[in-house]
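Here is a friendly briefing on one protein chain. Take a look at the model below, and keep it beside you as you read.

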Amino acid sequence: MTLTTSEYSAARGLPKKTKSICPECGKIIEADVVERDGKVYMDKSCPEHGKFSDVYWSDVELYLKAERFAHDGVGIHNPRDRTIEGDDDLVHIMIDGQRIDMLSCSAIANLDLTNRCNMNCPICFANANDAGYVMEPTFEEVHEMLVTLRSTSPIKCTAVQFAGGEPTVHPRFVDIVRDAKELKFAQVQVATNGIKFAKDYEFLKASKLAGLNTIYLSFDGVTEDVYVRARGRKMWQVKLDVLANCRKLLDEGLKSPSIVLVPTVVKGLNDHQIGDIIKFAFDNSDVIRGVNFQPVAFTGRMTHEELSEGRFTLPDLITAVKEETGFADRDDWYPVPVVAPISNFASVILGETKVTFTTHPHCGIATYLFKNEKGDVVPFPRFVDVEGFSNELEKLAHKADDATFKKLYALKLLKLLNKYVDESKMPEGLTKKKFITMIKSVMSDKSKEQLAEFSWKMMLISGMHFQDSYNYDIERVRRCGVHYVTPDLRIIPFCAYNSGPEYRKEVEAKFSIPLAEWKERNKELAHEVEAALVIPTDQMPEEAPKE
């Protein structure tokens, strides 16, 4: 049994109990979340495989701070799920024979266009190219998956990220992007290694014209040795070429897709370059909008020593940013659901339920950094009392919900902003008026250009730590806001899809065909795939990748 919402809320603080899984057999077992030596650990014991202990968060104070912002969502219903019998369309998964109901809407949904890839990365969680089969939904199947996301209730999904494999190798990638826009997705993104966008400007241009909003660019560091070790080939020039082609769009008078750098952080491999990556983002802020660090998740059979040496948690990211840049302190970071009251208030005022980020507070953290013309970097929370504003806005949303004339409460929002924003601490170039414009833009679709202009001068720095079997917390799964949609139109939380019960294997086995059969059906495309996997001479590592 999972905890009820009231039980979970009452269990805030440490120590507390939760439900996890055994890393060996996958059975649900009880786990204790406890403090030791200033860190938060998950301790658990399987009757068959013994005891396990892993660092959950490496800083207990930051863990408890994040927990203060926990919000439960309204759940998610999916009437198009082809595997559901009867009328129960509440999205849920099964772990060890137990039903786990989802509490959060799809803040963003991943849609795997293929498990094929034009690379073979040692740290690929999707095991692209090595599965021995191909799963690649047709355009028509993808369309149905997109329609499913737009059909969920009470909140429709508004953001989709095409993933894989390498999604840009799908033969109808541009058509799929266009279809997503026609289905009214506000955000259409692609998670990519960037090779096709770097090599083929016309392909990038066509993708943008079709409606591509954001490029989630795999970006592990700023030196070639990192890519040789992590990806088995040189990739630095590829990353630079993606930026160059995006600037070419600007030169033609077009808008460039926003680029978000996505480093997979591996302790001892690239954690020393976290600061350099952020500085690189600022140096290229004409096309880069943010950095989303993703500490690597551990799968498979590992020793306790290997786990202890390799684990990199979100507080470790906070420490690295401070030590390597000096841009932000530990007090400048907040968990994802800190913004939930803004969405709740907007839903009340506009009379329409908006996407609300009720992600578990220990899944992700973020801060906004503002860089003025002098080069000074100031974190957003230095001039905004984030917690005070969030708490009072939540109370205001409840009052507005009970009021007859709800829109009048928008004026009270402005008073809150004046109360919790200190203009005297703002960096040069930023005013209280601009900040108010940003908040108003969240409340209305009429100010998207103003919001984009505001965000353009800022850099979002975030971290999202996906789970593995060692630190698996079922309460995190229930509150996951990053979901997958599958060819049989199921919606599955990210961490359950890629670890724990690992639904990915089940889905790919069900909807794939053997590699040899796929090659026979797609001879021309298979030839392109094999050619793409040949590392160009200028990208060959000078020596064998180090273990």
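Of the 547 residues of the protein chain, 56% count as buried; buried means under 20% relative accessible area, exposed means over 50%, and partly exposed is in between, with a 1.4 Å probe and protein chains only. This is a predicted model, in which local features need pLDDT of at least 70, side-chain atom pairs count only at pLDDT 80 or more, and totals for chains, interfaces and linings use all residues. Residues are numbered from 1 along each chain as its sequence is written, and side-chain values use heavy atoms, with hydrogens and water left out.

**Overall build**

- The protein chain has 21 helices and 21 strands; these are DSSP runs numbered from the N terminus, with helices being H or I of at least four residues and strands E of at least two.
- Among contacts (heavy atoms within 4.5 Å) between residues at least 6 apart in sequence, 70% join residues at least 24 apart.

**Nonpolar cores**

- In soluble globular proteins, nonpolar side chains tend to be buried together.
- A nonpolar core is a set of buried Ala, Val, Leu, Ile, Met, Phe, Trp, Tyr and Cys residues joined through side-chain atoms within 4.5 Å.
- The largest nonpolar core has 108 residues, and Phe162, Ile259 and Leu261 are those with the most contacts inside it.
- Leaving aside neighbours within four places in sequence, the contacts of Phe162 include Leu111, Leu146, Phe173, Ile176 and Val190.

- Which residues of helix H19 (residues 503-510) are buried? They are Tyr503, Arg504, Val507 and Glu508.
- These four are on the same side of H19 because they cover an arc of only 125 degrees around the axis, taking the directions from the helix axis to the C-beta atoms.
- Lys505 and Ala509, on the other side of H19, are exposed.
- The packing partners of the buried H19 residues include strand S5 (92-95), strand S7 (108-112) and helix H18 (494-498).

**Cavities**

- Rolling a probe the size of a water molecule over the atoms shows where empty space is left.
- On a 1 Å grid over the protein atoms alone, a cavity is a set of points where a 1.4 Å probe fits but cannot get out, whereas a pocket is an open set with protein on both sides within 12 Å along at least five of seven lines; lining residues have an atom within 4 Å of a point.
- Grid points are joined across faces, edges and corners, and a volume is the space filled by probe spheres set on the points.
- The structure holds 3 cavities of 30 Å³ or more.
- The largest cavity has a volume of about 80 Å³, and its lining includes Thr359, Cys363, His465 and Arg476.
- The second largest cavity, of about 50 Å³, has Trp57, Leu62, Lys65 and Trp333 among its lining residues.
- Helix H2 (60-67) and strand S15 (334-335) each supply at least two residues of that lining, and H2 gives the most, with 3 residues.
- The lining of the second largest cavity divides into 8 nonpolar, no polar and 1 charged residues; Ala, Val, Leu, Ile, Met, Phe, Trp, Tyr, Cys and Pro count as nonpolar, Asp, Glu, Lys and Arg as charged, and the others, Gly among them, as polar.

**The second largest pocket**

- The second largest pocket has a volume of about 370 Å³.
- Of its 21 lining residues, the closest to its centre are Val74, Asn344, Ser347, Thr353 and Thr356.
- By class, its lining has 6 nonpolar, 10 polar and 5 charged residues.
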